[in-house]
Amino acid sequence: MELRRLRLLDQLARLGTVAAVADALSYSPSSVSVQLAQLEQEAGAKLLRRVGRNLELTPAGRRLASYAADALAADEAVRAELATIGDTPGGRLRMTIVQTPALALLPATLARLAATNPDLQVEVHQRETAPALDELRSRAVDLVVGIEYDPVPVARQRDIDRRDLLREDVLLAVHPAHPLAARPPVALAACEAAAWATGHRGTGLDAVLRNVCNRLAGFEPRIQHRSDDGLVLGALVASQRAVALLPALLTAALPQIAAHPLREERLQRTIFTATRATAADAPAVLAVQHALRASAAGIARDRADIDALP
């Protein structure tokens with residue numbers, strides 16, 4: 001049985017529908033269906049059954065999907081080990097990254113990789129952390145640069161290798177003319193009546209804002225503006241239309257706003273890399289992680305609000 005068809009079965013077991021598999025792997029739904037039908041012929045067993053308009057795995061299909069996951073992991077582990085025999089990392093590495101770390105880390109990281117690993121082709125896609133980790137587990141990408149806010153942890157998975165890159169403060173951002181701008185650190189309770197700008201529902205930034213306002217100051221924030229673009233949130237603060245919680249990496253690049261720590265507690269977030277455990281020692285993955293770590297160390301130097309992690 002071909003690995004590429006086993007991969008489709010593995011994805012169907014994870015994602016649940018042919019349409020979701022097609023979207024994740026950039027295939028057409030009809031192509032996925034044809035390949036799965038061919039896999040049934042190769043297996044000599046009924047793997048799928050139609051339930052309404054969807055396909056569902058039979059008991060035999062679920063058993064083969066379990067073997068498929070093992071086969072794909074073994075294939076990746078063997079490829080990673082064989083790659084260590086070569087002189088330098090090469091080939092293609094697909095990486096996702098959240099906007100703020102991208103703005104801060106990518107220029108130096110890609111320049112370093114171009115100089116030290118010219119045969120390595122890095123493809124970068126901007127993704128929020130949760131969907132990026134889903135893509136990592138589905139093998140659509142190879143490396144994730146994600147974020148985790150302290151009060152809202154990202155779930156750990158045994159098949160994912162996570163390595164923390166840096167820690168940064170999350171600050172209260174206000175317009176420089178705002179009365180709170182001149183009185184750091186800022187008491188969160190003083191912002192109870194303010195209009196807030198934050199991420200969309202379900203994002204880490206939205207969750208942490210609700211968490212700290214309720215937990216530390218006893219109020220539900222009045223959220224008036226939403227965007228997952230940190231630069232847009234900064235622009236809303238600079239226009240005097242809102243206050244926001246923003247990471248130190250971003251506020252340092254926005255001189256038109258004032259950003260101060262909270263009086264109640266030090267609020268931080270972690271930037272981390274994640275890859276599948278079977279590829280954790282692949283030379284390409286290690287090369288990109290090393291370049292990211294060097295970039296993080298350069299940024300954190302002489303910064304009290306950012307700490308590069310070993």
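This is a predicted model: local features need pLDDT of at least 70, side-chain atom pairs count only at pLDDT 80 or more; totals for chains, interfaces and linings use all residues.

Me: Which residues touch the most other members of the largest nonpolar core?
Reply: Leu93, Met95, Leu172, Trp196, Leu245, Val288 and Leu292, out of 61 residues. Helix H10 (residues 283–300) gives the most to this core, 8 residues. Another core lies apart from it, with 18 residues, including Leu9 and Leu47.

Me: What counts as a core here?
Reply: A set of buried Ala, Val, Leu, Ile, Met, Phe, Trp, Tyr and Cys residues joined through side-chain atoms within 4.5 Å. Buried means under 20% relative accessible area, exposed over 50%, partly exposed in between (1.4 Å probe, protein chains only). Helices (H or I, at least four residues) and strands (E, at least two) are DSSP runs, numbered from the N terminus.

Me: New topic: how many salt bridges are there?
Reply: The whole structure has 23, each a side-chain nitrogen of Lys or Arg within 4 Å of a carboxyl oxygen of Asp or Glu.

Me: Which residue does Arg215 pair with?
Reply: Glu265, at 3.0 Å, N to O. Arg215 sits in helix H7 and Glu265 in the loop between strand S10 (258–260) and strand S11 (268–276), 50 residues apart.

Me: Is Arg215 buried or partly exposed?
Reply: Partly exposed, at 43% relative accessibility; Glu265 is partly exposed too, at 28%.

Note on methods
Residues are numbered from 1 along each chain as its sequence is written. Side-chain values use heavy atoms; hydrogens and water are left out.
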